[in-house]
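Morning, everyone. I have one structure to walk through today. Please put it up on the screen.

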Amino acid sequence: MQFRNETLDNGLEIIAEINPAAFSTSLGYFVKTGSRDETPAMAGVSHFLEHMMFKGTAKRTAADVNRELDDLGSQSNAYTSEEQTVYYMSVLPEHRTHALDLLSDMMRPALRDEDFQMERQVILEEIAMYDDQPPYGAMEKAMEAYFGEHPLSRRVLGTPDTVSALEPDAMRGYHESRYASNNLTLVATGAIDFDALVADARKFTSNWKPSDASRTLLKPLGQETNVRLVHPPATQRYTLQYSPGAGYNDPNRYVLRILGTILGDDSGSRLYWELVDNGLAESAVVFTQEFEDCGLFCTYLACAPEQQESNWEVLQGILADGSRSPITDREIELAKNKICSGMILGSERPSNRLFTIGNSWLSRETYEAIRDATEHYKRVTRDELQSAFESLAKRINVTVSVGSE
Amino acid sequence: MAQSVFQHQFANGLVLLGEPMPWLESVAFTLLTPVGTAHEPSDREGLAGMTLEMMQRGAGDFDSRAIVEELDFLGVERSSGVTTFHTTISMAAMASVLEPTLRIAVSMIRDPHFPDEELEEARQSSLLELASLDDDPAQKCFKELKKVRFGDIYGRSSLGTESGLTATTMEDCKAFWKDRFTSNGSILSVAGNFEWEKLVKLVESLLASWPEAGSVPKPNVKTLPAISHLMHDSQQTHIALAYDSVPYQHPEYYQGRGLVGILSDGMSSRLFSEVREKRGLVYAVSASAHSLDVCGSVLCYAGTTAPRAKETLEVTLETIQSIGKGIDIDELSRLKSRVRTSLVMEQESSSSRSSQMAYDWVYLGRVPPRQEVLQKVEQLTCESLLEHFRKHPPRNWTMVTIGPEPLEFPNAVS
């Protein structure tokens, strides 16, 4: 594995992890923009725009883009989160130049009015689909309650109202300011000729201009709130709790990830043995979410409505039990092995590595080989974990619960 | 695309398949046994799943908790499941821990403890899993589709039924395991970083003494045309459709699979273009090839808000029938390009190779090399696909919808 990087004159950064033995090449544009960079009235524009990027360019119609993606035999897709929008494809190495031409052209979309109106319907269907699925909007509600006025409170998909009200011109303006060359990173993994990649990128992005795109960073004011949502068709009860965690620049994040695995991994964790293995709950997990300026430590319970109260009490008891049930060396060893082995197994595919190295670069401008990345976990001590565990008893929570009544 | 696939059959009938992929650090295996939901007594639906759950709650040297801890210690990713005719345990790990990992999987099959005190917990887990399906209409739609399409025995869900799960006793699980989990008909397929000769010796020591038993009676699967609707208070109506096609072992399988590709593989496929891109009717629409014993089906899914369900169904059906009007050479060329890429990329995943080899053996009794698959796909022509469509037109339709209002299936199609 070899790491290479270069910044073009227009500010576009290019990074690559080169694996000469790989069978495929993965390419992705990582754009530093997401729902947190929107105004409240334009909530959902980043995600809507992500759909529109497949709808054609000055040179290509929407159908042309789809056909070419398939002509290349590519496995391609895109996603939008609170903080980034990512477009990616995996191809055979001989198709790299054509793939980069297409992907780069897609970054400068035509944004035609008729495509915009049609795609709006697809987005509204997507919102309806998620609204019908557990936990029925609890995650969005918890983000709103936890973050309040903070930009991270906004829904990635927007709402039916904001999506219905959005105008193509507003999206064009958003695109111009956020998709500037210095706000994108081209990431490549697998079988790559780096110099040729840079030469191609220079050619395909020659007319791209940088901008002063920035992001408002704020520490959120966590607040204690309980919200109860009613979703009549729900047969189970879903409870979600958000507490302060570590952001992705916070060195404490490794401690919280390991702690989350020990307490609430979906197998072999304390919550698993007390609530899932014995059939009391369908799911009882802890997970972390990391953002640029802050993070969340999250707990989720899904179970029959009549067992919610007693299960929640057990769950809260486990999380608050730091001083009486200290973390054991065996738990730490198992959690570290599980995390590190999962990282190494997952890294075999260039298409997986793309996201790991792309995210790391976008958030910290650093590259880490997989073995170095596992070292961060191995270095976490029992004292650090125990201290983080004990502090859970004093944490501030936002709790959202959804059920049929 | 250099590839070596090894095979060895032990005297007790067990088939060992291996594909070394020395460029990987991982190794993955699938242990498949010929026992599934079709073999459950009619008043014990869910027994196969409960038995598998109990087999993982203590086996060999480890009790229930120690198994999970040991697998975590070794860093093993694992999954297990029951289908109509099979039970599989799959694991992936670093090459250096293949032996202890395989020992654990084998002990689950050969030496489960069946601890009495855990039966109720396993039952509660299974009941909860079944109940939670009510909150997942898209999944529930396909569970119902299987039931109405393949009937009482072959259409069973691995989740079982409330009455079947409630009635199941530990004696049922033990007897089901003892009678059914046998070496003949079982397959162990291994892919990734390992040495074949060493593997054969290891498997011999672990499984050559596994007793064989009488063979399972031949199934008799048929597809049944039927239309059904489940009321659900949701914004979207979920539409699941199925029609006859050819199964995996059929000489013209690649023609049938090719037609599914024209319909649904990629963003330029017909269903994606017609239903989503041109009309904005759905977020999700897809078709896939499905084989169950001698029956091949194409399964389709579309989810849309209720007022647009009728139009979505009509456009979906028209798009499927549009194949009969001809296939464009560019569509076929895109299909071939996608297959070429996915065959090459398959070499990057030990897990997907190990499960594919087991599937190949079940249906074909051999593992076709990548070159052969590629050659068959390269030989496809628009004419051969069209001829296949005419010989095997969509028929025996099954449709299940879930949503606030029932949906009528047009008579002209059925």
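A definition before the interface: two residues are in contact if their C-beta atoms, placed from the backbone, lie within 7 Å. And a caution: this is a predicted model.

Now the contact between the chains. It takes 50 residues from chain B and 48 residues from chain A. Which elements of chain B give two or more residues to the side that touches chain A? They are α2 (64–74), β7 (87–94), α4 (119–132), α10 (270–277), β12 (295–305) and α12 (329–345) of chain B. The largest share comes from α4(B), with 8 residues. By class, this side of chain B has 15 nonpolar, 19 polar and 16 charged residues.

Next, chain B as a whole. Chain B has 15 helices and 13 strands. Its radius of gyration is 22 Å, close to the 22 Å that the globule rule gives for 414 residues, so chain B is as compact as a globular protein of that length. The C-alpha trace of chain B spans about 60 × 50 × 40 Å along its principal axes. Of the 414 residues in chain B, 50% are buried. Take the contacts in chain B with a separation of 6 or more: 81% are between residues 24 or more positions apart.

Last, a detail in chain A. Look at strands β9 (residues 283–290) and β10 (residues 295–303) of chain A: they run antiparallel, joined by 8 bridges. β9(A) and β10(A) form a hairpin, with 4 residues between them.

Key
Residues are numbered from 1 along each chain as its sequence is written. Chains are lettered from A and ligands numbered from 1 in the order in which they are written. This is a predicted model: local features need pLDDT of at least 70, side-chain atom pairs count only at pLDDT 80 or more; totals for chains, interfaces and linings use all residues. Ala, Val, Leu, Ile, Met, Phe, Trp, Tyr, Cys and Pro count as nonpolar, Asp, Glu, Lys and Arg as charged, and the others, Gly among them, as polar. Two strands pair if DSSP finds at least two bridges between them. The radius of gyration is taken over C-alpha atoms; the globule rule is 2.2 Å times the number of residues to the power 0.38. A residue is buried if 20 or more other C-beta atoms lie within 10 Å of its own, exposed if 12 or fewer, and partly exposed in between; C-beta atoms are placed from the backbone.
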